[in-house]
Amino acid sequence: MGACDGGSNPPRPKRDKMVETTKAKEIEDFVRSRISDEFVDKHILLVVKEAKWLCGFYPEADKEVVETAALLHDVGQTWVGKPPHKTNESNEKHHIVGRKIAETFLPTIGFPAEKIPNVLHCIESHRTRRPPEPETIEAKIVASADNLAHFTGVEFLRENLGEERVLAKLERDLSSKFLLPEALAKAEKEYKKLKKLFQV
Ligand SMILES: [Fe+2]
Ligand SMILES: [Fe+2]
């Protein structure tokens with residue numbers, strides 16, 4: 001049992017609280033059909049939660065676009081896919097693959113056509129170290145929420161990277177990956193807590 005999990009698993013987020021917009025349940029079900037429930041529960045829903053929290057600072061942001069893109073942003077991931085198949089190339093391109101998957105999927109559920117380009121931009125730009133840069137406020141929120149979820153849901157990262165690499169990764173993320181100041185401030189706070197928990 002790890003030092004920062006207190007010996008018990010965190011409660012699973014309540015679906016009804018996490019998904020609010022009209023199409024969100026259909027989108028979440030689609031994501032669950034392609035990637036593992038564990039990844040959805042431990043990462044995707046946390047990104048949705050952080051993205052909604054960030055929307056509170058940016059009332060001009062389209063919440064339907066943000067929530068949809070947060071749900072779909074990693075749908076192109078293969079290492080958590082069904083079945084999982086890790087290859088460097090496919091993981092490296094998951095933002096591009098995910099964009100294509102979303103482009104095909106969203107019209108099938110009647111998602112507002114005029115909002116689809118912005119959702120696709122959020123997905124293709126969510127990796128802040130890879131082009132393209134997030135340009136819309138919705139894309140900046142999704143990318144920042146994705147980064148922030150690594151800090152607030154550190155157990156997931158720890159399980160996948162190993163304890164010794166987690167703090168080094170988070171430290172790198174702090175210095176280079178945050179687009180929105182509110183997300184950076186929260187991540188810095190979490191990082192301080194984690195350092196204490198990891199007794200570094
Ligand atoms: Fe990603
Ligand atoms: Fe992600």
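## Overall make-up

Helices (H or I, at least four residues) and strands (E, at least two) are DSSP runs, numbered from the N terminus. By that rule the predicted model of this protein has eleven helices and zero strands. Along the sequence the pattern reads α-α-α-α-α-α-α-α-α-α-α.

Residues are numbered from 1 along each chain as its sequence is written, and chains are lettered from A and ligands numbered from 1 in the order in which they are written. Because this is a predicted model, local features need pLDDT of at least 70 and side-chain atom pairs count only at pLDDT 80 or more, while totals for chains, interfaces and linings use all residues.

## Confidence

The average pLDDT (the predictor's confidence in each residue, from 0 to 100) is 86, and 87% of the residues score at least 70. Helix α7 (residues 116–124) has the highest mean, 98, and helix α1 (residues 15–18) the lowest, 48. Residues 1–8 have a pLDDT below 50; this stretch has nine contacts in the model beyond near neighbours in sequence. A contact means C-beta atoms, placed from the backbone, within 7 Å.

## Burial and contacts

Of the 200 residues, 38% are buried. Buried means 20 or more other C-beta atoms within 10 Å of the residue's own, exposed 12 or fewer, and partly exposed in between, with C-beta atoms placed from the backbone. Among contacts between residues at least 6 apart in sequence, 67% join residues at least 24 apart.

## Helix α2

In helix α2 (residues 24–34), the buried residues are Ile27, Glu28, Phe30 and Val31. They lie on the same side of α2 because they cover an arc of only 160° around the axis, taken from the directions from the helix axis to the C-beta atoms. Their cover includes α3 (37–55), α4 (63–72) and α6 (94–105). Exposed Asp29 and Ser33 sit on the face turned away from the buried side of α2.

Terms used
Contact = placed C-beta atoms within 7 Å.
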